[in-house]
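Good morning, and thank you for joining this group meeting.

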Amino acid sequence: MRAIRRIILMLTELLLTAAGAAAEQRIALVVGNSAYPDIPLVNPVNDAALIATTLREQGFEVIEALDVGRSDMARAVKDFGNRLKAAEGEALGLFYYAGHGLQVRGENFLIPVDAEIEDEGDVDIYAISARAILRTIED
């Protein structure tokens, strides 16, 4: 666990150095999903909690979403985007996700814990597009 924490600290310091000191506000969205009913995972919630703690120690304002369903996950993404927009370009945004994901037709999706995906058509309905999250950061 200490090795992971050291790696996270080094990556955070590298990120902050690369971003420069110009960005006064640092905002992170950290999502960790483990409690999937059919295929639970052990580490994502623990990893996300550790990342969130480490980022807070480095001065980030952290939106932490653990074991979230689709509506809570979408709400967290929207909140993240709103906070970045409110900073009017003076913020550094960081997104971290741990949990199930999949790719359909070349697009990546993050899977909320309540997703009921039975076939490819369900993905657009129940999953969260990684591209949409990236657009939130870029806008």
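First, the basis of the presentation. This is a predicted model, in which local features need pLDDT of at least 70 and side-chain atom pairs count only at pLDDT 80 or more, while totals for chains, interfaces and linings use all residues. Residues are numbered from 1 along each chain as its sequence is written, and side-chain values use heavy atoms, with hydrogens and water left out.

Let us consider the chain as a whole. The protein chain contains five helices and six strands. These elements are DSSP runs numbered from the N terminus: helices are H or I with at least four residues, and strands are E with at least two. Read from the N terminus, their order is α-β-α-β-α-β-β-β-α-β-α.

Of the 139 residues in the protein chain, 37% are buried; here buried means under 20% relative accessible area, exposed means over 50%, and partly exposed lies in between, using a 1.4 Å probe and protein chains only. The accessible surface of the chain is about 8,000 Å², and carbon and sulfur atoms contribute 51% of that surface. Accessible areas come from the Shrake-Rupley method with a 1.4 Å probe, and for residues only the protein chains shown count as cover.

Among contacts with a separation of 6 or more, 64% join residues 24 or more positions apart. A contact means heavy atoms within 4.5 Å.

I turn now to the sheet. What is the order of the strands in the open sheet of three strands? The order is β4-β5-β6, with antiparallel pairing. Strands β4 and β6 are the edge strands, each pairing on one side only. Two strands pair if DSSP finds at least two bridges between them.

Strand β4, residues 101–104, pairs with β5, residues 107–110, over four bridges. Within this pair, Q103 stands opposite N108, and V104 has E107 as its bridge partner. The hairpin has two residues between its strands, and R105 there takes a positive phi near 50°. On to the next pairing: β5 and β6, residues 128–129, are joined over two bridges, and F109 has S129 as its bridge partner.

Finally, is A87 buried or exposed? A87 lies in the loop between α3 (70–86) and β3 (91–98). A87 counts as buried because its relative accessibility is 11%. Its C-alpha atom is separated by 9.6 Å from that of R26, 61 residues apart along the chain.
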